[in-house]
Amino acid sequence: MTTLISAGGTGTRILEAVLHLCAAGLGPDKLRLLVIDPDASNGNGTRAKELVNKYVECRRTFRPAGQELGKLPFFRTVLDLLETEDAEAGLKVWSPVGPNKRFADVVNFPLLAPMAKDIVHLFFTDDELIMKTDIGFRGHPAIGAAAMSLLWLYRHQKPWSQLTEKIKTEVSEPEGSKVIIVGSVFGGTGASAIHPLARFLRTMPETNRDRLKIGVVALVPYFQFRAAAAAAPGQEGGARQLGARAEYFPVATRAAVQFYHHLRENNDWEFDAMYWLGDDSPAEVLYEVGGPGQKNPAHFVDLLAALACLDFFAGDLATKACRYAGPEECTDEGLKNKNVVRWMDLPFLELDRDRVGTCLLQFALTGAAHLGFFEPLLKKEDIDQKPYCLPWYFERFATKKDWLTSAEGRAKFALLSEFFRGYHYPWWREIHCTEGDRVRLLNRFALNARLQEGFQVDPSRLANLLYPDSAADASLDSMDRFFSDAVHVAKAAGGGGGASAYLTLLGEAAARFIRRQYKKKES
Amino acid sequence: MNRIFFWMHDPPDGNILGEDWEQYLNSMAASYILVVLLAVLATVLIYRAAAARKKIHAPPDVFAPYTPIYWLCLSVPAGIVMAMICIWTYGEKFGDQAGGLTYTATTLALWTFLGCLLLGYLGILIPGITPPKFRYRPLWPFCRKRGLRTGGK
């Protein structure tokens with residue numbers, strides 16, 4: 001079993017990326033999720049919770065009772081959200097500090113002996129002591145680390161007690177347990193959580209400790225916000241003055257790297273793998289001190305980090321190495337000395353690059369065909385009266401009285417539409433929303449060209465979903481070919497019936513389409 | 001060969017000799033086979049090209065009239081051609097005063113039309129002629145009542 005622990009806002013965004021990859025079928029069989037974030041109301045966290053719920057709903061709908069979708073891997077990963085009867089269902093967010101608590105309350109400052117208070121004052125300013133911690137540690141890892149070092153006190157409480165039990169059970173089996181922690185090292189929560197958490201996890205199993213593999217995805221700066229915005233007077237007791245400052249990111253990163261180097265040099269290395277990721281041209285994002293307004297867009301580094309997580313889950317981890325990779329510098333006019341990201345630049349040790357590319361393309365193509373053609377088609381009244389006009393529908397559904405046009409069937413398609421329209425494509429769009437053509441994975445023109453007309457993907461570019469854009473080849477004939485591919489899908493392709501069979505049909509048609517149009521191997 | 005017109009064994013005009021009539025029917029049968037073969041071949045080939053050209057670009061295209069099948073209407077000109085051949089050769093063979101021309105020409109035209117229509121229809125059902133995406137469109141008369149959704153929304 002694999003566990004992903006996301007720390008802070010950056011960690012949460014990577015969790016989103018992992019879920020998108022899992023939806024495309026690249027995830028492990030089972031994945032346990034936990035978020036550590038004192039700022040439970042932050043915008044990224046809310047979006048991640050919604051995405052988790054949507055993923056779970058899609059899996060329940062399209063893979064009822066674990067039913068297979070033929071050979072299709074979509075939504076194959078089973079999520080373990082550490083559910084309990086007494087807690088709200090969904091993604092669990094644990095906070096090392098209670099609601100409305102100031103840092104002084106967390107360390108029990110008012111009740112400390114005078115000498116202890118003096119020691120605390122050596123490390124923290126008065127402003128930091130009165131800082132409210134329920135919107136995160138705001139780039140103050142010292143505060144976060146102090147709070148996180150108390151993790152041991154919560155070991156008998158949920159979710160840690162559940163996690164401990166599960167990990168203990170898993171390490172008693174030969175496959176063991178893999179845990180990956182993701183977070184930034186230049187912010188507050190992530191930077192403060194990684195090491196205390198790894199140390200805590202190491203103490204969990206009493207036996208077979210070597211079967212617990214711990215990995216870390218450490219993010220170095222890949223976004224920034226204007227110094228002025230961060231320093232502007234805030235409304236909440238100087239919250240902005242104490243907020244994260246982009247100009248301190250390099251310093252914080254350097255300190256973090258030195259710290260981990262120190263651990264490595266002194267044989268205090270808790271990690272079986274550590275992935276360092278960042279970007280040399282940080283994206284500018286709107287500054288928000290925390291809360292619902294902190295809803296940063298996805299970035300291609302999120303995708304790379306998510307792939308690092310999956311690579312960690314897929315590998316056998318014989319070395320306790322630090323892993324990093326860099327792309328070639330671009331020589332294109334306008335992007336000189338900048339890095340670009342192409343499929344060949346995605347760093348993999350264990351995953352197969354072709355498989356990753358094909359799975360992502362297949363899923364994107366399935367969604368494009370669903371939103372751009374099949375969903376509106378299934379909404380047409382004619383389908384009930386002339387089912388013979390759609391051979392795939394006639395043979396697989398209508399003649400078996402498995403009508404997809406029932407209210408129940410339409411609700412299931414609406415769910416799939418919502419996943420693609422509300423989450424998957426906006427995520428891809430944000431990833432490609434960089435200066436120039438720095439991200440050369442999908443074709444961003446295909447994702448944006450007809451957005452105003454309500455198309456998430458330009459239907460004339462089904463055969464050109466990958467970079468580069470080839471506007472001259474844009475043709476609606478590609479939709480015709482996709483429709484033909486749907487007709488050619490073998491009836492034995494699987495998927496049971498109803499919504500599952502429908503998704504299988506689209507996915508298999510996408511695989512055929514890719515084999516012909518993109519000349520790639522089937523995933 | 002004249003068995004193709006088995007119900008026309010007797011001449012329509014008493015003045016036409018049986019032997020002449022039989023010769024005439026033989027020549028008409030040869031023309032009939034030629035016309036039907038050419039018409040069916042043209043129908044199937046043009047239909048195939050039209051069906052291959054017909055694209056589905058948007059959902060309404062799926063339910064749009066299946067226009068390639070209209071090429072079966074080539075049976076009509078085939079019937080007319082047959083009627084013209086009949087009229088032309090009838091006068092030459094039996095003289096302008098001979099009766100029964102209208103009956104013979106109409107019958108041959110109709111028979112040619114039906115032959116072309118039936119064989120043309122069977123021709124478009126040959127695998128590979130109709131694109132799979134339109135597989136059931138020519139079979140509309142046989143499957144239009146299958147798979148219909150009844151009951152509430």
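A residue is called buried if 20 or more other C-beta atoms lie within 10 Å of its own, exposed if 12 or fewer do, and partly exposed in between, with the C-beta atoms placed from the backbone. What you have open is a predicted model, in which local features need pLDDT of at least 70 and side-chain atom pairs count only at pLDDT 80 or more, while totals for chains, interfaces and linings use all residues. Residues are numbered from 1 along each chain as its sequence is written, and chains are lettered from A and ligands numbered from 1 in the order in which they are written.

Begin by selecting strand β8 of chain A, residues 273–277, where 4 of the 5 residues are buried; strands (E, at least two residues) and helices (H or I, at least four) are DSSP runs, numbered from the N terminus.

Keep A:Val217 selected, for it is among the residues with the most contacts inside the largest nonpolar core, which has 154 residues. Such a core is a set of buried Ala, Val, Leu, Ile, Met, Phe, Trp, Tyr and Cys residues joined through C-beta atoms within 7 Å. Helix α12 of chain A, residues 353–378, gives the most to this core, with 13 residues. Next, select A:Ala305, which, leaving aside its neighbours within four places in sequence, is in contact (C-beta atoms, placed from the backbone, within 7 Å) with A:Ile14, A:Ala17, A:Val182, A:Val217, A:Leu219 and A:Leu277.

Finally, show both chains and look at where they meet: the contact takes 27 residues from chain A and 19 residues from chain B. Which elements give two or more residues to the side of chain A that touches chain B? They are α12, α13 (382–385), α14 (391–396) and α17 (477–488) of chain A, and the largest share, 7 residues, comes from α17(A). The residues on this side of chain A divide into 16 nonpolar, 5 polar and 6 charged, where Ala, Val, Leu, Ile, Met, Phe, Trp, Tyr, Cys and Pro count as nonpolar, Asp, Glu, Lys and Arg as charged, and the others, Gly among them, as polar.

Key:
Two residues are in contact if their C-beta atoms, placed from the backbone, lie within 7 Å.
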